[in-house]
Each structure stands twice: as structure tokens, then as C-alpha cells.
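Please read the report below with the sequence and the structure open beside it.

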Amino acid sequence: MAALKMGARLKSTVCEGEIMVVIAPDAELEMTCGGAAMVDAGEAVTPSGEVHPDHAVGVAMGKRYIDEAETLEVLCVKSGDGSLAANGALLLQKDTKKLPKTD
Amino acid sequence: MNVMMLLEMASAAFPERPAFTDGSTGASFTYQQLFDAARQRADSIRNSGAERLVKLDVSNLGTPLSLFASAWAGVPYVPLNYRLTDGEIQALLARVTPAYLVTEDSRLSALGAVADVQAVSTGSFLDDAQHTNATAEPWAMDPEEIAVLLFTSGTTGEPKAAVLRHKHLVSYILGSVEFAGATEEDVALVCVPPYHIAGIAAIMSSVYSGRHVVQLPNFSAEAWIDLARKHKVSTAFVVPTMLARIVESLEAEGAEDAGLPHLASLSYGGGKMPLSVIEKAMTLFPNTDFSNAYGLTETSSTICVLGPEEHRTAAAATSEQERRRLVSVGQPLPGVEIEIRDEDGQQVPAGERGEIYVRGEQVSGEYEGRGSVTDSEGWFPTRDAGSMDADGYLFLEGRADDVIVRGGENLSPGEIEDVMLTHPAVVDVAVVGVPSEQWGEAVAAAVVAKAGTTIDTAELQDYVKERLRSSRVPELVQVWSELPYNETGKLLRRVVRTDLAAAQS
């Protein structure tokens with residue numbers, strides 16, 4: 001369990017997945033990817049172990065993920081085979097509204 | 001949270017795709033090359049001990065490289081306006097030392113002599129980036145770090161340096177651009193200057209979407225049309241004066257159609273778009289999607305958009321009210337809130353004029369040395385005047401400071417200008433307040449006649465009188481050959497006011 005900070009980068013320990021925190025809730029929580037706890041992206045950890053079959057849909061670079069209550073939002077910055085979850089609950093992919101290009 | 005992350009993702013997803021091409025020299029960067037060069041230059045900037053990177057040059061490959069290398073090195077990027085006088089440039093430079101300056105060869109010796117400035121030419125900045133032996137430490141992820149310091153145009157006094165933090169710029173991009181949303185055929189033509197917020201936003205949003213940017217360093221309508229045809233440009237942003245020149249140039253070619261079949265979208269902003277220009281442009285570019293974007297430096301660029309469908313619906317409408325939406329700047333982006341408030345800070349009813357307030361993650365509202373001017377709830381007063389209709393469409397009505405106070409009555413220049421622009425002989429107009437003994441301020445107008453027509457000023461005054469209350473009829477009307485605009489299309493109202501005041505007295 002740890003408090004997440006906006007801008008923090010975390011990586012999976014069981015796949016190549018990596019995320020950045022966009023909106024952080026005001027509470028401690030456990031972020032997992034592929035069913036295993038995520039670690040700070042700066043840590044020298046190479047992925048090992050197995051992606052849990054219930055957390056194996058994957059994360060896709062450039063997609064944003066939110067929790068049910070929308071108090072947590074993360075951006076996937078590297079794709080991976082594991083799915084993201086907070087305190088055991090799988091995150092949902094956020095739909096982005098297609099906007100006209102303006103600049 | 002760091003803008004370098006945008007480039008990191010792009011270079012991982014499409015390393016070999018062309019990222020930037022200098023339209024004048026043809027030199028280019030792929031996404032991987034830009035990423036590698038940013039790492040190399042970040043190393044040099046860190047080793048220099050400079051606390052800011054200043055870029056003083058036209059748009060070229062050194063522009064995106066400076067932005068990303070600064071972000072990587074953890075120093076603010078400060079693009080300066082190369083059109084300022086030497087004295088003005090030196091004064092701004094002295095405010096951002098110790099600085100690493102990237103500039104044209106011709107300025108090197110003079111500016112390199114300024115205290116605490118290490119100057120390098122853009123050419124060597126780019127050449128030295130080829131050495132890929134650098135091993136720069138990763139960039140910081142602190143969202144509070146300053147990404148960009150952007151001097152405002154300073155039309156009312158000494159330029160202010162707007163502070164844009166990584167969290168503002170990244171929020172703007174994540175909220176408005178789809179990652180990898182562009183195809184390999186997508187090409188953006190960027191002609192706004194690098195020291196303008198739209199120029200910075202164009203770099204970031206193109207990178208995040210994976211679009212190829214072609215840079216046009218010095219705008220002319222002919223060069224813009226040539227480059228757009230040559231590179232099969234699919235998207236572009238222009239300020240209203242640029243679009244007016246492009247339309248004129250195409251009309252001079254005698255073409256019924258612009259001959260730019262690849263141009264899927266054309267967006268504009270940065271000033272008021274005359275109805276006649278946008279109507280003509282929509283005829284010349286029948287298959288192009290038009291978007292009107294409204295934003296400020298202090299809001300990390302766009303906060304409101306009028307989209308393509310809304311353009312078409314308004315253009316095809318028969319009622320005056322629906323047609324009027326063509327000059328609206330549209331509705332707020334997701335995550336952006338807008339309110340119109342009166343002088344006492346109270347929200348005004350739909351349709352009424354007031355000052356535009358904005359709130360959102362991308363809104364900075366902060367100036368260096370002055371702190372944030374947002375209120376305790378995060379609302380930023382834009383100093384722009386406007387109104388919002390019942391459906392949430394925003395209309396701009398000039399700067400809040402441009403209000404004319406005549407005999408205690410507040411008059412909006414925009415309302416009077418809109419009426420004068422409907423006169424068949426008027427192509428451009430600026431309405432300002434000039435000092436008056438009787439009224440405090442009197443209404444005065446400078447008008448430009450359409451080619452081949454002449455303006456009878458008395459008849460024009462009658463024309464306004466038939467449509468508006470008599471207090472709004474300009475007491476002084478002068479016919480000018482053109483109105484003064486700055487290079488990014490902002491009307492220099494102050495110049496109009498000074499000249500008309502001199503004529504009045």
C-alpha cells in the first residue's frame with residue numbers, strides 16, 4: 001500500500017507494462033499489473049514471474065485507465081500483457097472523446 | 001509528468017516515422033532521431049550549468065529539439081520573439097540568465113557577450129546533437145517543474161513571463177489529443193511563430209498523435225500554398241490574417257477550388273475571424289473541415305473549439321441567429337469550465353456580455369515574479385470580454401479593457417464592428433474610444449474599403465444609426481488603406497486609438 005502521486009511512474013514486475021499517474025486519489029492503495037504489485041519505474045527490476053490469468057487482458061500505450069469511482073486515472077506509457085488493478089479491482093479503459101484537431 | 005514523456009512514447013511507437021521537416025531547407029528528423037538528439041543536447045545543457053534554454057530564431061529543427069532537450073535537462077524553455085528590437089531582446093535575455101542561448105549566426109557575437117549567457121548557433125546546436133554517445137540521466141517526473149516561460153506580447157506594458165508547468169502542458173495534451181491518432185500520411189503545416197503558444201502546442205500535439213510536421217519559417221500566402229501542395233499537407237493552423245491572405249491569393253489565381261485535395265482539416269484562432277473570410281474559405285476548401293480554436297498563453301493553448309459540423313450547419317442556416325454561430329469560438333474542451341462574470345464577479349445570464357473566466361488542469365494563470373492570478377477556486381480572469389449563448393457557445397467581444405465608456409454607458413467595440421462589417425463597401429474595421437470633452441470617450445472608427453469601392457463616411461454613419469442606438473454611431477470615421485496587425489494577427493487597437501485620437505483633436 002502506498003499513496004500515489006500525480007506524475008509518478010510505475011512499472012509492472014511481470015510484464016513490460018508501465019504507467020504514469022494522472023489523477024491520484026487521496027488514499028493509499030495497491031497498484032498491480034498482471035496481478036503483481038507495481039514498483040517505481042526507476043527501480044532496476046526486470047520482469048519475471050507470470051501474469052495472473054485473471055489479469056491478462058493487457059495494457060496499451062496511450063490509453064488511459066480509471067477506477068470505478070474515477071478517483072484514480074493512469075496513462076499507459078509502455079504496453080504490456082498484464083491488466084491494471086487498484087486494490088484488486090480491475091481498472092477500466094477510459095473512452096476519449098474524439099476532438100477536432102486544433103493545433 | 002514531463003513533456004519528454006510524449007516524445008518517448010512517440011519514438012517507441014513509431015521510431016522511423018518522419019517527425020519534423022524544415023520546409024525551407026528540407027532537413028528532417030525521424031521520431032527516433034529527435035529523441036536521441038534531445039538526450040544528447042540535454043547532457044550539454046546540464047553540463048553548461050544554465051538554468052534556462054533560450055531559443056531566438058525562426059522555426060527550424062532546432063525548435064522541437066530545444067523544447068524537448070530543455071524538458072529532459074530540467075530547465076525551462078524560453079522561446080523569444082526574433083522580431084523585437086535588439087534592445088528589447090537584450091532586456092528580456094537579462095531576465096532569464098544564466099541562460100543557454102540557441103540563436104542565428106548573425107546574433108552570436110552581440111548576445112554571447114551578455115553576462116551569464118552561453119550562446120551557440122542553431123547550426124552547431126543541431127550538428128553536435130549527432131554525437132550519440134550521451135548518457136543523460138532520466139528526466140524528472142515532478143509535475144510542478146516549469147516547462148516553458150513564455151513572454152506575453154506586452155501590448156499594455158512590460159512583457160510578462162507566463163509560467164507553464166509540465167502538469168499544465170501534459171494535461172492539455174492528454175485531454176485533447178489521442179495518442180498515435182494520426183496515420184503515416186498525416187502532415188501538419190506549422191506556420192505560427194515558435195514563440196507563440198500555438199507554435200508550442202503544435203509541436204506537442206503533433207508528436208503525441210504521431211503526425212509529420214512541416215515547418216514554414218516565414219509566412220507568405222504563396223509559400224504556404226506551395227508547401228501545402230508539395231507535402232500533401234493534411235492539417236494546418238492559421239491566424240485569421242493568414243487565412244485572409246491565403247484566400248486573396250487563391251482568388252488571384254482565379255481558382256474555384258484551392259487545389260489542396262489532401263487538406264482534411266484547417267483550424268484557426270488567435271484573433272477575430274471576419275465572417276466574409278471564413279465564408280469564402282469554406283467555398284474554396286469545400287472538402288476541408290474547419291475548426292475555430294480559442295485559447296491563451298496562460299491556458300496552455302486551446303480551451304474552446306467550434307468544430308467542423310458546427311461550421312457546416314451554421315453556414316447552411318437561414319436564420320440570422322444560427323448563422324451567427326459561425327463567428328462563435330464554440331464550446332469548452334472536456335475538463336475546461338468557462339463562466340462569464342460582471343464587474344462585481346457575479347455570473348451573468350446567457351447572452352449577456354462580461355469577462356471570460358476559465359478553470360481547468362491546463363490553466364496556469366501564473367506569471368514569473370507575480371505568482372498566480374487565479375482566485376481561490378482556480379478561476380483565471382482572461383481579460384477577454386465575451387458572452388455565452390443558452391447552448392453554451394462562446395462569443396468573443398474584444399478585450400475587457402477595450403470597452404468604450406461614453407457618457408457613463410459601456411459600449412462594446414465588437415457589437416459596432418459587426419454591424420459596420422455587414423456594409424457592402426467595408427472589408428475591415430476597428431472601433432475604439434477616443435478622448436472627448438463632452439462624453440469622456442467618443443466612438444471612433446477606422447475602416448478599410450473593399451477593392452474597387454469607396455466609402456461615404458456620412459452614409460456609413462447613417463447605416464449604423466439605422467441598426468443600433470444612436471450612442472453607438474461613430475462620431476469620427478476615417479478610411480484607411482489597411483489596419484495595423486502584429487505578425488500573429490492581433491489587431492493593434494492601441495495604434496488605432498492613438499491615430500484616431502490625434503485626428504479628433
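## Salt bridges in the model

A salt bridge is counted here when a side-chain nitrogen of Lys or Arg lies within 4 Å of a carboxyl oxygen of Asp or Glu. The model is a predicted one, and over all its chains the structure holds 31 salt bridges. A:R9 lies in strand β2 (residues 9-11) of chain A and B:E8 lies in helix α1 of chain B, so this pair joins two chains.

How many salt bridges does the rule find across the interface of chain B and chain A? The rule finds one salt bridge there. In the salt bridge between A:R9 and B:E8, the side chains meet at 2.9 Å, taken from N to O.

## Where chain B meets chain A

On the side of chain B, 35 residues are in contact with 21 residues of chain A. Between them the two chains bury about 2,200 Å², and 64% of that area is on carbon and sulfur atoms. Of the area that chain B buries against chain A, B:M1, B:M9 and B:L174 supply 21%, which is more than any other three residues supply.

Polar contacts also cross this interface: the rule finds three residue pairs in polar contact between chain B and chain A, with both residues at pLDDT 80 or more. Several elements of chain B each supply at least two residues of the side that touches chain A, among them the helices α1 (4-13), α7 (166-176) and α8 (197-209), and the strands β13 (289-296) and β14 (301-306). Sorted by kind, the residues on this side of chain B divide into 21 nonpolar, ten polar and four charged.

## A four-stranded sheet in chain B

Chain B contains an open sheet in which four strands follow the order β16-β17-β20-β21, with antiparallel pairing. At its edges are β16 (337-341) and β21 (394-399) of chain B, each of which pairs on one side only. From one strand to the next, the twist averages 45 degrees.

Looking at one pair in detail, strand β20 (residues 380-388) of chain B is joined to β21(B) by four bridges, and these two strands run antiparallel. Which residue in β21(B) is the bridge partner of B:M388? The bridge partner of B:M388 is B:L394.

## A four-stranded sheet in chain A

Chain A also has an open sheet of four strands, here in the order β6-β5-β10-β11, and its pairing is antiparallel. The edge strands of this sheet are β6 (36-37) and β11 (89-90) of chain A, each pairing on one side only. Strand β5 (residues 31-33) of chain A pairs with β6(A) in the antiparallel sense over two bridges, and the bridge partner of A:C33 in β6(A) is A:A36.

## Two details of the backbone

Most residues other than glycine have a negative phi, and most peptide bonds are trans. With that in mind, two places in the model deserve a careful look.

In chain B, the peptide bond from B:T97 to B:P98 is cis, with omega near -5 degrees, and B:P98 is placed in the loop between α4 (86-94) and β5 (99-103) of chain B. In chain A, the phi of A:E70 is near 60 degrees, a positive value in a residue other than glycine. A:E70 lies in the loop between β8 (64-66) and β9 (73-78) of chain A.

Conventions: Residues are numbered from 1 along each chain as its sequence is written. Chains are lettered from A and ligands numbered from 1 in the order in which they are written. This is a predicted model: local features need pLDDT of at least 70, side-chain atom pairs count only at pLDDT 80 or more; totals for chains, interfaces and linings use all residues. Side-chain values use heavy atoms; hydrogens and water are left out. Contact means heavy atoms within 4.5 Å. Buried area is the accessible area (1.4 Å probe) that two parts lose on being put together, summed over both. A polar contact is a pair of N or O atoms within 3.5 Å; within protein, one must be able to donate a hydrogen and the other to accept it, and residues adjacent in sequence count only if both atoms are side-chain atoms. Ala, Val, Leu, Ile, Met, Phe, Trp, Tyr, Cys and Pro count as nonpolar, Asp, Glu, Lys and Arg as charged, and the others, Gly among them, as polar. Two strands pair if DSSP finds at least two bridges between them. Axes are lines fitted to C-alpha atoms, for helices over the stretch in contact, and angles run from 0 to 180 degrees between N-to-C directions.
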